[in-house]
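User: I have a model open and would like to go through its packing. Can you take my questions as they come?

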Amino acid sequence: MAKERAEVQDIDRSLYDFRYEEKDSDFYKIKEGLTAEIVEEISDKKNDPQWMRDFRQKALEVYHKTDIPNWGPDISDLNMDNIVTYVKPKTKMSADWEEVPEDIKNTFEKLGIPEAERKSLAGVGAQYDSELVYHNLQEEVAAKGVVYSDIESALHGPYGEMIEKHFMKLVPPTDHKFAALHGAVWSGGSFVYVPKGVNVEIPLQSYFRLNAPGAGQFEHTLIIVDEGAELHFIEGCSAPKYNVANLHAGCVELFVGKNAKLRYSTIENWSKNMYNLNTKRARVEENGIMEWVSGSFGSHISYLYPMTILKGDNARAEFTGVTFAGAGQNLDTGAKMVHIGKDTSSYINTRSISKSGGISTYRSAVVIQNQAKNAKSAVSCQSLMLDDQSRSDTVPAIDVRTNQADVGHEAKIGRISDEAVFYLMSRGIPEEEAKSLIVSGFADSVSKELPLEYAVEMNNLIRLEMVGAIG
């Protein structure tokens with residue numbers, strides 16, 4: 001058996017870092033920067049209805065009036081004048097995989113998307129740069145009335161009014177500067193509607209690939225799970241590494257109806273030149289259930305705090321996440337829970353790992369409003385530092401406005417136990433492998449929450465970052 005290489009830089013990351021050079025003849029690329037004319041050009045290319053054209057321009061005005069956040073990692077090096085906000089492959093979206101252009105098809109073949117679809121998914125959407133290039137939904141799922149399409153097509157179809165009613169209502173452009181940016185230049189993404197009482201037993205998946213250097217990706221995901229319905233949605237994303245900044249400022253809005261259930265799983269493996277400024281938010285009605293499963297492994301800087309609004313009585317939410325910050329990474333992640341309804345409950349369970357000078361910050365907020373009687377919330381965040389160059393911080397916020405609530409918070413930050421390593425070595429396991437086993441076990445709670453193929457991918461990502469580099 002060949003011995004594994006002992007340096008992280010020697011490990012083959014070609015699964016994610018491969019790329020195809022983009023020829024001008026194959027792509028339409030808008031000019032760099034952010035102006036009203038550029039936003040109008042995006043509207044023209046996408047044939048926006050008038051309300052969306054107006055929405056984009058108003059969002060742009062908000063963007064210019066809003067300051068950059070000053071409380072998280074420094075993003076002053078991100079210059080929007082150098083970012084291309086729209087890159088469109090010169091191909092039409094297809095439901096036939098064989099019609100997708102060869103280089104784009106090869107990209108997704110290498111990432112395993114068609115294979116995953118054939119094996120274990122009810123529907124798949126694949127986005128390349130700013131547009132979806134492939135979208136398909138199994139006939140038996142569509143026969144139940146489930147709608148899963150790119151959001152632009154849905155905008156011009158029978159669900160256009162539903163989209164207008166919900167679009168950026170959970171995450172308004174006034175929320176923060178990059179929500180406003182998203183509202184101005186968003187492109188691509190998915191629309192899902194699950195009718196009342198329908199249980200989609202097999203997951204749906206969207207995969208986002210940003211291939212162009214110096215570009216931004218601004219997909220919008222809108223999911224509405226109606227009363228008594230159930231869905232598991234999986235999101236994957238990656239990008240090759242460049243020596244220029246790339247930007248991801250997507251938006252996810254999830255509406256969970258009365259007695260409905262939604263699980264939203266994400267594995268993010270952005271390259272380490274990426275600024276990941278993503279916003280995700282869910283609203284849960286009476287007796288509804290929202291489950292988040294999140295793995296964050298890439299990007300240079302991340303701001304990511306999925307938020308759940310427990311609006312209805314007896315609504316429940318759970319967030320399970322793992323973050324891995326390596327050399328050159330500053331990942332500021334966490335979750336927010338807002339309790340409005342009575343007898344609501346939430347649980348946040350996170351694991352963060354940092355090495356080689358990586359910075360991992362856990363930032364959470366639990367808000368229990370005065371009408372949320374008998375609300376329950378528990379938070380558990382654990383951080384593991386693999387060396388003395390790395391850093392891990394915990395910044396929790398708890399705001400309780402009723403005395404009829406049960407709230408708990410637990411935090412633990414530490415390093416790999418020498419005793420645990422010694423014990424495993426005494427059982428014949430080499431030191432390097434012993435440390436890898438400990439770290440994999442540390443993240444095991446998230447692996448168990450993912451479908452098998454994605455748990456394997458997450459464990460492989462952790463292993464790629466760790467082997468031979470955790471002294």
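User: How many helices and strands does the protein have?
Analyst: The secondary structure comes to 13 helices and 25 strands. Helices (H or I, at least four residues) and strands (E, at least two) are DSSP runs, numbered from the N terminus.

User: And what are we looking at here?
Analyst: This is a predicted model, in which local features need pLDDT of at least 70, side-chain atom pairs count only at pLDDT 80 or more, and totals for chains, interfaces and linings use all residues. Residues are numbered from 1 along each chain as its sequence is written, and side-chain values use heavy atoms, with hydrogens and water left out.

User: What share of the residues is buried?
Analyst: Of the 471 residues in the protein, 58% are buried. Buried means under 20% relative accessible area, exposed over 50%, and partly exposed in between (1.4 Å probe, protein chains only).

User: Let's go to H9. How many of its residues are buried?
Analyst: Nine of the nine, so H9 is largely enclosed by the rest of the structure. Among them are Lys177, Phe178 and His182.

User: What covers the buried residues of H9?
Analyst: The cover includes helix H2 (36–46), H3, and strands E9 (220–225), E11 (246–248), E12 (251–256) and E14 (274–277).

User: How do H3 and H9 cross?
Analyst: Their axes come within 7 Å and cross at roughly 150°. That makes H3 roughly antiparallel to H9. Axes are lines fitted to C-alpha atoms, for helices over the stretch in contact, and angles run from 0 to 180 degrees between N-to-C directions. Angles under 35 degrees count as roughly parallel, over 145 as roughly antiparallel, 65 to 115 as roughly perpendicular and the rest as oblique.

User: Which residues of H3 and H9 make the contact?
Analyst: Phe55, Arg56, Ala59, Leu60, Val62, Tyr63 and His64 come from H3, and Lys177, Ala180, Leu181, Gly183, Ala184 and Val185 from H9. Contact means heavy atoms within 4.5 Å.

User: Where does the charged end of lysine 177 sit?
Analyst: It sits over the ring of tyrosine 63, 3.9 Å from the ring centre. For that term, NZ of Lys or CZ of Arg must be within 6 Å of the ring centre and within 35 degrees of the ring normal.

User: What about H2 against H3, how do they cross?
Analyst: The axes of H2 and H3 come within 10 Å and cross at roughly 155°. These two are therefore roughly antiparallel to each other. Their contact involves residues including Val39 and Ile42 of H2 and Arg53 and Gln57 of H3.

User: Switching to rings. How many aromatic pairs are there?
Analyst: The structure holds 10. Rings of Phe, Tyr and Trp (its six-membered ring) pair if their centres lie within 6.5 Å; planes under 30 degrees apart count as stacked, over 60 as edge-to-face and the rest as tilted.

User: Why is the pair of tryptophan 51 and phenylalanine 167 edge-to-face?
Analyst: The ring centres are 6.3 Å apart and the planes are at 70°, so the pair is edge-to-face. Tryptophan 51 lies in H3 (residues 50–65) and phenylalanine 167 in the loop between H8 (160–166) and H9 (177–185), so the pair ties together parts that are 116 residues apart in sequence.

User: Is phenylalanine 167 buried or exposed?
Analyst: Phenylalanine 167 counts as buried, at 1% relative accessibility. Tryptophan 51 is partly exposed, at 21% relative accessible area.

User: Which residues form one aromatic cluster with Phe167?
Analyst: Trp51, Phe55 and Trp186 form one with Phe167.
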